[in-house]
Amino acid sequence: MAGPMIEAHALTKRFGSFVAVDGIDFAIEPGEAFGFLGPNGAGKTSTMRMIGCVSPRSGGELSVLGLDPAHDGPQIRARLGVVPQEDNLDTELTVWDNLMIYGRYFDLPRREIRERAAELLEFVQLSDRRDSRVDPLSGGMKRRLTIARSLINRPEVLLLDEPTTGLDPQARHLLWDRLYQLKRSGVTLVLTTHYMDEAEQLCDRLVIMDNARIVAEGSPRQLIADNVTREVVEVRLGIDADTAAEVAALKQYGDRIEALADRVLVYTDDGDATAGAVTSDGIGAVSVLVRRASLEDVFLILTGRSLED
Amino acid sequence: MSTPALVRVVEREARVYARLWRGLAFSTFVQPALYLGAMGIGLGGLVKAHSGSVDGLTYLDFVAPGLLVASAMQLAASESMWPVLGGAKWMRQFHGVVATPIRPGELYGGFVLWTAIHAMLGSAAFVLVAALLGAVPSAWGILAIPAAALCAAAFCGPIAAFSITQESDVSFPMIMRLGVLPLFLFSGTFFPISQLPSGLRPLAVFSPLWHGVELARAATTGHFDVAAVVTHVAVLVACVAAGAFAGVRTFTKRLSS
Amino acid sequence: MTATLRILPFLRWGHRPWRLVERNVLAYRRVWYIFLSGFAEPLFFLLSIGIGVGKLVGDLDVGGHLVPYRTFVAPGLLAIAAMNGSLLDTTFNFFFKMKYTHTYDGVLAAPLTPRDVATGEITWALLRGTIYSAAFLVTMLLFGDLRSWWSVLALPGAVLIGYGFAGVGLAATTYMRSFVDFDYVNMAMIPLFLFSATFFPLARYDAGLQTVIRLTPLYQGVVLERSLVIGDLNWTLLLHAAYLLAMGLIGLRVASRRIGLLLQP
Ligand SMILES: Nc1ncnc2c1ncn2[C@@H]1O[C@H](COP(=O)(O)OP(=O)(O)O)[C@@H](O)[C@H]1O
Ligand SMILES: [Mg+2]
């Protein structure tokens with residue numbers, strides 16, 4: 001297919017008078033992993049639901065797989081896989097039956113579904129739970145089953161809304177690993193997240209959303225390069241420090257500083273030198289730490305807020 | 001001085017009750033009137049035309065205590081299933097209760113007590129409505145209220161003890177359809193058990209509802225035989241005791257792990 | 001033919017709504033005993049009210065035929081069972097899947113539409129109801145309560161009753177906010193159950209009440225079934241049938257639109 005898999009111009013979603021998505025533009029190319037990074041309430045889920053053809057757009061243009069969601073919802077959905085923010089597995093069915101019936105929703109022949117279901121359970125490491133009910137599965141298992149379910153129709157595009165929110169680190173890494181494999185097999189991944197590490201790990205390209213709008217776009221590397229210095233020095237101040245004065249004093253050490261509730265971030269291209277200078281200065285720092293700049297910093301600089309508020 | 005644990009459990013349930021008054025007002029006052037009107041008066045007219053009386057009573061007088069106790073039973077049965085499993089598993093408020101100094105056994109006792117009180121309130125309304133419709137010929141009828149409450153406890157006790165052991169509600173519709181419904185229909189509520197096929201008649205003795213209905217009927221009509229009354233009460237108390245024996249254990253097992 | 005299919009889309013075998021039926025079959029396969037217990041309910045009523053109370057009531061005159069009370073009440077019980085079964089599936093069970101387990105969110109992410117969901121659930125309710133009604137009709141036959149060859153239409157009649165209540169039940173459920181609102185279902189069902197000429201004839205009411213009852217939905221079904229099994233036919237039966245059909249059609253329309261609004265905001 002020539003051209004983007006998904007393309008939006010001035011895409012808008014209103015709930016009554018409330019604007020949840022405010023005229024955003026983006027284009028997602030075949031085979032790429034594209035992310036929407038933003039805090040809660042930014043409008044990520046609303047956007048994903050419009051792409052998934054389960055929420056009519058209020059304005060602008062949207063084309064998915066070259067079709068119009070307003071008219072061709074069922075045809076488009078037949079070629080998508082969806083992992084919604086909240087798992088909606090069928091709790092009255094077993095793991096296996098969840099896959100079987102989902103395949104039937106796509107009108108696939110039973111024999112074919114059985115083959116795929118067995119492969120998919122293997123893929124998400126749930127083969128030993130195939131006859132279990134859904135209820136007793138752990139959060140990570142449910143998420144993996146939801147992913148298996150979303151792949152039953154061999155989708156061209158996989159939509160993942162906060163795929164790892166609420167999972168423990170081990171479950172997250174297992175999931176990332178599976179998503180990485182999917183990406184290599186050529187599936188276009190569209191995901192939302194409010195974890196910058198997830199965005200950095202998985203996305204070729206991403207947009208940063210805040211307050212219903214897109215505030216920046218690019219690859220993770222490019223976004224950092226364009227907006228932040230190479231390194232960041234995190235300075236933790238003592239509880240009884242005169243914060244205002246200390247923050248003012250830190251200003252001379254970096255290109256830019258951000259004062260957070262519990263620490264001050266000093267943006268600089270040479271972290272070690274800056275850290276050394278801060279330590280030898282008489283500032284009452286409890287700890288000084290150097291790290292590489294991340295998408296978290298990009299978000300902070302662009303919006304003045306941190307991602308996980 | 002602190003409030004006894006039992007009273008605190010009762011108070012909690014009563015607060016929940018207060019929130020749901022609308023549906024409960026219907027089931028408490030309107031539903032009895034509808035049932036008595038349809039069965040006692042509508043159907044009763046047909047019975048009168050054909051049989052005259054039933055066991056020496058008008059059909060309305062016959063069926064009123066049956067409906068009274070049967071509705072107490074239905075209330076007790078359904079309240080002892082979904083809400084109990086919900087308290088232990090879905091909403092988990094029982095876990096909140098036993099995190100306080102209240103013990104699981106006390107929670108069980110308070111729950112059964114509350115259900116009996118709940119049934120008593122409903123039965124009082126029922127008897128009032130029935131009296132207004134002329135279905136309570138004797139002043140002893142007031143005693144039908146504790147009789148219905150006792151019958152409610154006889155159902156609530158064992159069923160709640162069972163419900164708390166469950167992981168899902170699949171067995172509840174079965175209990176309703178294959179347990180509660182046949183009891184409702186064949187325990188001398190709508191027709192005297194003397195009409196059951198002779199082979200089945202002795203089985204009525206095993207129906208707690210039949211004992212409850214006989215007790216209430218003795219009260220509303222004022223015709224009673226002391227020995228029979230004592231037997232009925234004893235059977236119902238035995239059901240409550242058996243329930244308590246099991247319930248204290250099953251509640252403790254489920255909630256204190 | 002296509003017009004019929006548009007009105008009764010569940011007749012189109014294998015069409016998308018049938019996926020919901022498949023889903024429910026899968027769900028019930030593991031709790032088949034619940035499915036089976038559905039047969040018992042109307043049977044218990046027939047034995048208790050039809051036979052037990054029947055002995056107290058004796059024979060009744062229905063449209064010029066003198067029949068035992070059991071024969072009078074059985075078609076009423078059939079209509080009640082059709083209403084109850086179809087309301088259980090389309091109110092309580094539907095609400096649970098829509099609001100608590102979010103089953104339909106998953107369904108709608110696949111190529112199915114809100115109308116498929118509404119049609120599928122109604123189809124399921126009707127299939128289940130048909131099986132129970134057929135069993136009940138066989139019981140009536142064994143008791144000798146099917147007095148006329150027109151009784152062969154009693155099964156389609158039961159399906160029609162189920163259709164009417166399924167449509168209205170589904171539509172009403174889309175307006176419910178929580179399980180507390182199900183009190184309204186009870187408030188509607190109990191009077192219908194008791195007063196639709198189910199347990200005693202319409203003639204027992206005074207003229208004013210008779211008119212009111214003639215307008216209520218379950219009464220349509222009771223008259224339809226009773227006339228068919230007793231063989232007391234006349235053209236007004238078509239009006240009763242049309243009433244039920246309209247309930248179903250309007251309900252299905254409203255439900256489809258409302259499911260779309262609720263689940264695809
Ligand atoms: N169905 C709805 N009705 C009204 N407001 C909604 C609805 N869905 C989402 N919103 C609002 O739209 C905003 C964006 O929500 P959402 O798209 O879920 O954000 P995100 O997924 O980025 O957290 C939030 O303020 C949310 O409350
Ligand atoms: Mg979201």
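This is a predicted model: local features need pLDDT of at least 70, side-chain atom pairs count only at pLDDT 80 or more; totals for chains, interfaces and linings use all residues.
How many salt bridges are counted between chain C and chain A? The count is six.

## Chain A at a glance

Chain A holds 11 helices and 13 strands. Its C-alpha trace spans about 75 × 45 × 35 Å along the principal axes. The chain has 309 residues, and 55% of them count as buried.

Take the contacts with a separation of 6 or more: residues 24 or more positions apart account for 69% of them.

Charge is the next topic. Chain A carries 35 positive side chains and 49 negative ones. The centres of these two sets lie 7 Å apart.

## Which chains touch

Two pairs of chains are in contact, and chains B and C share the most contacts. Chain A and chain B do not touch. Their nearest C-alpha atoms are 10 Å apart.

## Chain B against chain C

On the chain B side, 33 residues take part in the contact; on the chain C side, 36 do. The two chains bury about 3100 Å² between them. Carbon and sulfur atoms give 75% of this area. Three residues stand out on chain B: Arg22(B), Leu46(B) and Arg177(B) supply 21% of the area that chain B buries against chain C, more than any other three residues.

One salt bridge is counted between chain B and chain C. Arg177(B) pairs with Glu41(C) in a salt bridge, at 2.9 Å from N to O.

## Chain C against chain A

Here 28 residues of chain A are in contact with 24 residues of chain C. The area buried between the two chains is about 2300 Å². Carbon and sulfur atoms give 53% of it. Six salt bridges are counted between this pair of chains.

Asp97(A) and Arg29(C) form a salt bridge, with their closest N and O atoms 3.2 Å apart. Arg23(C) and Asp90(A) form another salt bridge, and here the closest N and O atoms are 2.5 Å apart. Arg23(C) lies in helix 2 of chain C, residues 18-29, while Asp90(A) lies in the loop between strand 5 (80-83) and helix 3 (95-105) of chain A, so the pair joins two chains. Are these two partners buried or exposed? Arg23(C) is buried, at 1% relative accessible area. Asp90(A) is buried as well, at 4%.

Side chains of opposite charge can pair when their charged atoms come close. Over all chains, the count comes to 34 salt bridges.

Within chain A, Arg57(A) forms a salt bridge with Asp68(A). The closest N and O atoms of this pair are 3.1 Å apart. What does the pair tie together? Arg57(A) lies in the loop between helix 1 (44-51) and strand 4 (59-64), and Asp68(A) lies in the loop between strand 4 and helix 2 (69-77), so the pair ties together parts that are 11 residues apart in sequence. Arg57(A) is partly exposed, with a relative accessible area of 26%.

Arg291(A) and Asp297(A) also meet in a salt bridge, at 2.9 Å from N to O. Arg291(A) is partly exposed at 22% relative accessibility, whereas Asp297(A) is buried at 0%.

A network spans chains A and C. Salt bridges that share partners join Arg104(A), Asp107(A), Arg110(A), Arg19(C) and Glu22(C).

Most residues other than glycine have a negative phi. Asp107(A), a member of the network above, has a positive phi near 65 degrees. Asp107(A) sits in the loop between helix 3 and helix 4 (110-123) of chain A. This residue is partly exposed, with a relative accessible area of 45%.

Ala197(C) has a positive phi too, near 60 degrees. Where is Ala197(C) found? Its place is the loop between helix 8 (182-195) and helix 9 (207-214) of chain C. Ala197(C) is buried, at 3% relative accessible area.

Key
Residues are numbered from 1 along each chain as its sequence is written. Chains are lettered from A and ligands numbered from 1 in the order in which they are written. Side-chain values use heavy atoms; hydrogens and water are left out. Helices (H or I, at least four residues) and strands (E, at least two) are DSSP runs, numbered from the N terminus. Buried means under 20% relative accessible area, exposed over 50%, partly exposed in between (1.4 Å probe, protein chains only). Contact means heavy atoms within 4.5 Å. Lys and Arg count as positive and Asp and Glu as negative; His and the chain ends are not counted. The place of a charge is taken as NZ of Lys, CZ of Arg, CG of Asp or CD of Glu. Buried area is the accessible area (1.4 Å probe) that two parts lose on being put together, summed over both. A salt bridge is a side-chain nitrogen of Lys or Arg within 4 Å of a carboxyl oxygen of Asp or Glu.
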